[in-house]
Structures are given as structure tokens and as C-alpha cells.
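I opened the notebook to record a few look-ups in this model. The entries follow in the order I made them.

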Amino acid sequence: MLALVADDEKNQLELISFHLEKNGFDVITAEDGETAFELIVERRPDIIILDWMMPLMSGIEVLQKLRKREATIETPIIMLTAKAEEHDRLTGLDKGADDYVVKPFSPAELIARTGALLRRTSGMRQQRLTCADLEMDL
């Protein structure tokens with residue numbers, strides 16, 4: 001399983017990557033929203049962990065762009081951010097996040113939420129076959 005982690009704080013990237021790798025994930029990282037979006041389009045990760053406040057493009061902007069694309073509309077996305085107010089959480093979920101985790105966070109809980117989200121969504125992703133630009137919904 002491939003996970004993309006996008007956060008402008010290097011220590012957060014290292015912490016999350018360490019725990020994901022320890023739990024069997026391959027991990028790619030991005031320190032800004034534009035790089036995150038490009039990597040997601042190019043590499044098609046199985047799950048995305050996305051910070052809200054990043055340079056060049058916010059996590060919310062990345063989220064909205066991903067939800068408009070057929071190829072990423074069903075990709076599981078967890079917002080992981082310091083924005084803790086109720087209206088922030090509601091905005092993240094309303095814009096298409098599948099889960100919302102507030103910093104500071106427990107790495108063990110983040111891994112558990114990642115696993116739970118993948119268990120719920122993996123059936124949807126396995127019902128499509130893709131070859132070049134042809135996609136078949138089984």
C-alpha cells in the first residue's frame with residue numbers, strides 16, 4: 001500500500017512516515033500543496049494524509065481538486081491539521097475528507113484510523129480495472 005503524507009513541517013513528515021512504514025506502507029511525502037497534488041496525480045497513492053495549512057496550495061484546495069477528478073474521487077483522505085474548531089472540522093469533512101484528525105495527535109490512533117478507512121474503502125477501489133486510458137467498472 002502506498003501512502004502520501006503532505007505537511008510543511010519536516011518533523012511531522014518524519015514521524016508519520018516512520019509509523020506508516022513500520023506498519024507496512026510505502027510512503028511518499030510532500031512539503032507543499034502543489035507538490036502533493038502532482039505526486040498524487042502521478043503516483044495514485046492508496047491513502048492520503050493531508051495537512052490543511054501548507055505553502056503554494058492549501059490542503060483544502062488540494063482536497064477540492066482531488067474530489068473533482070475521476071481518478072481520485074474515491075481515494076481515502078485524512079485531514080491532519082492544527083485547525084481544531086468545529087467549523088474547521090465541518091469544512092474539511094464537507095469538502096470531501098473521509099476523516100479529520102487534530103494536531104497534536106497520537107501516531108497509534110492515526111495508524112488505526114488509516115487502517116479502518118482502508119478497510120471501508122478498499123472494496124470500492126478493487127471494482128475498477130484500468131489499462132492505459134481505458135477504465136472498466138466491474
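I began with Ser122, which sits in helix H5, residues 107-125. Helices (H or I, at least four residues) and strands (E, at least two) are DSSP runs, numbered from the N terminus. The model is predicted: local features need pLDDT of at least 70, side-chain atom pairs count only at pLDDT 80 or more, and totals for chains, interfaces and linings use all residues. Residues are numbered from 1 along each chain as its sequence is written, and side-chain values use heavy atoms, with hydrogens and water left out.

Buried means under 20%, exposed over 50%, partly exposed in between (1.4 Å probe, protein chains only). I also took the C-alpha separation of Ser122 and Ala6: 21 Å, for 116 residues along the chain.

Next I checked His19, in helix H1 (residues 10-22). His19 counts as buried because its relative accessibility is 18%. Leaving out residues up to four places away in sequence, I found His19 touching Pro107 and Ile111; contact means heavy atoms within 4.5 Å.

Then I turned to the sheet. I noted an open sheet of five strands, ordered S2-S1-S3-S4-S5, with parallel pairing. S2 (26-30) and S5 (99-102) stand at the edges with a single partner strand each, so one side of each lacks a neighbour in the sheet. Two strands pair if DSSP finds at least two bridges between them. Strand S4 (residues 77-81) pairs with S5 in the parallel sense over four bridges. I found Ile78 opposite Asp99 in S5.
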